[in-house]
Amino acid sequence: MLSVEEALDAILGEVQRAAPILTGLGDSLGLVTAEDVVSDVDSPPFDKALMDGFAVRSADLVNANSETELRIIEQITAGMIPTKPVTAGTATRIMTGAPLPEGADCVVKVEDTRFEPAGQFAVGGTVVVRGTASPGMHIVRRGASLRIGQTVLPAGRPIRPQEIGALAEVGKERLAVFPRPTVGILATGDELVPIGSRLGPGQIRNSNEAMLAAQVLRAGGRPAPMGIARDNPAELRERIAAGLECDVLLLSGGVSEGTHDLVPSELAGLGVRKVFHKVNLRPGKPLWFGVWRKEPAGAESPPTYVFGLPGNPVSSLVCFEVFVRTCLGRLMAVEPARPPAVRARLVQEHVARGDRPTYNPARLGWDAQGPRVELVRWHGSSDLQAMVEANSLAIFPAGDTTFNSGFMVDVVPFDRSAG
Ligand code: AMP
Ligand code: MG
């Protein structure tokens with residue numbers, strides 16, 4: 001049986017980045033850039049006022065203790081173009097964001113001025129400025145933050161709202177990204193009914209489909225829910241075959257040792273190559289992973305990566321967070337693709353029992369001493385309610401061990417957005 005690290009290595013050994021596609025900027029949030037994006041403009045595109053006030057020549061304002069009278073020659077608001085140069089003894093009324101007129105080298109704030117006569121502003125009238133000004137004051141020069149031809153965003157960067165803003169500023173309506181994989185979700189089990197159904201004897205609702213679809217969305221993929229397949233070989237084979245059209249196929253249930261656990265044999269029958277079955281962790285041990293290629297090796301079309309997830313909801317959730325996300329991350333060029341762990345301080349004593357490393361539902365937080373983690377009480381792999389209280393998984397090594405409060409433990413957060 002593989003360790004978690006070996007299973008992650010095996011997944012990363014198989015899964016290749018998807019080929020880049022062009023996408024609209026509005027669909028790119030959470031994706032990774034597949035091209036270097038270069039600016040087609042200087043930013044800002046012109047020398048620009050940062051304050052409402054007057055564009056002046058600092059050379060006209062040299063005496064700190066006196067007032068200077070300047071003649072107002074023009075008024076410029078954002079979007080207008082100045083028509084008159086500021087010459088000695090003159091000033092242009094200017095608003096934040098407007099282009100600086102020729103001749104002016106700074107802006108004085110309107111608060112530091114008054115109008116003559118009678119406090120009335122008028123073009124042709126007089127503004128009285130208090131004190132001095134220095135070149136560059138309250139303005140930003142053309143190209144100060146970015147020059148034409150400069151790289152705005154290199155390939156390989158995750159796109160957050162600020163990247164979308166920066167790309168929009170340089171007019172990038174479409175860009176090359178690593179695409180969202182389509183992820184088929186097929187639940188298996190004779191006991192399952194759709195979530196809108198009343199439960200008959202022995203039945204349970206197919207909660208895994210909705211949960212996995214949400215996990216796919218959170219990871220940036222495109223979920224394709226496929227409903228419920230019964231535990232019978234012919235039906236399973238047909239439904240799995242349909243799911244192999246997706247980039248990734250998640251099967252829920254039917255991968256353990258029961259007489260109705262038919263998924264591994266049907267996958268084999270369809271020619272899906274097994275990479276591993278069973279991983280040494282709790283919960284999630286029955287996990288199955290394999291790869292399917294439409295045509296013989298060397299074919300053009302990308303393969304389908306197939307996960308057989310254990311049916312127990314908590315096992316399914318954990319296997320997705322640890323293994324499926326690694327696969328989706330690699331496909332989408334997220335780095336690192338492996339689950340990132342935060343080292344956090346355990347704030348309680350924890351008595352661990354068992355022969356497998358355990359991924360325990362936990363609450364990760366921060367206090368004055370840094371990252372802290374508190375375990376959520378849970379009753380094993382069907383206890384989804386414990387997961388409702390959790391925001392992360394705390395990893396404990398195998399063995400019967402008592403972990404004292406203060407022990408530093410690796411914690412995998414569910415929310416992996418870095419900001
Ligand atoms: P299996 O992995 O098929 O042996 O299922 C293990 C347990 O998970 C059983 O108690 C199932 O009833 C439950 N289970 C299986 N599939 C689902 C599902 N789609 N939604 C919720 N629970 C499930
Ligand atoms: Mg089953």
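This tour moves through the ligand site and then the cysteines of a predicted model. Residues are numbered from 1 along each chain as its sequence is written, while chains are lettered from A and ligands numbered from 1 in the order in which they are written. In this predicted model local features need pLDDT of at least 70 and side-chain atom pairs count only at pLDDT 80 or more, whereas totals for chains, interfaces and linings use all residues, and side-chain values use heavy atoms, with hydrogens and water left out.

Begin by selecting ligand 1 and the 15 residues that surround it, a residue being near when one of its heavy atoms lies within 4 Å; the closest are E191, I204, N206, G254 and G311.

Next, display the backbone of G254, where an N or O atom lies 2.9 Å from an oxygen atom of ligand 1, and then that of S207, where a polar atom is 3.2 Å from a nitrogen atom of the ligand. A polar backbone atom of N208 is likewise 3.2 Å from a nitrogen atom of ligand 1. The protein covers 78% of the 480 Å² of accessible area that ligand 1 has on its own (Shrake-Rupley method, 1.4 Å probe).

Now select C246 and C327, and show their sulfur atoms. The structure holds zero disulfides, a disulfide being a pair of cysteine sulfur atoms within 2.5 Å; the sulfur of C246 is 12 Å from the closest cysteine sulfur, in C327, and is therefore too far for a bond. C246 is buried, with a relative accessible area of 12%, and C327 is also buried, at 0% (buried means under 20% relative accessible area, with a 1.4 Å probe and protein chains only).

Technical notes:
Buried means under 20% relative accessible area, exposed over 50%, partly exposed in between (1.4 Å probe, protein chains only). A polar contact is a pair of N or O atoms within 3.5 Å; within protein, one must be able to donate a hydrogen and the other to accept it, and residues adjacent in sequence count only if both atoms are side-chain atoms.
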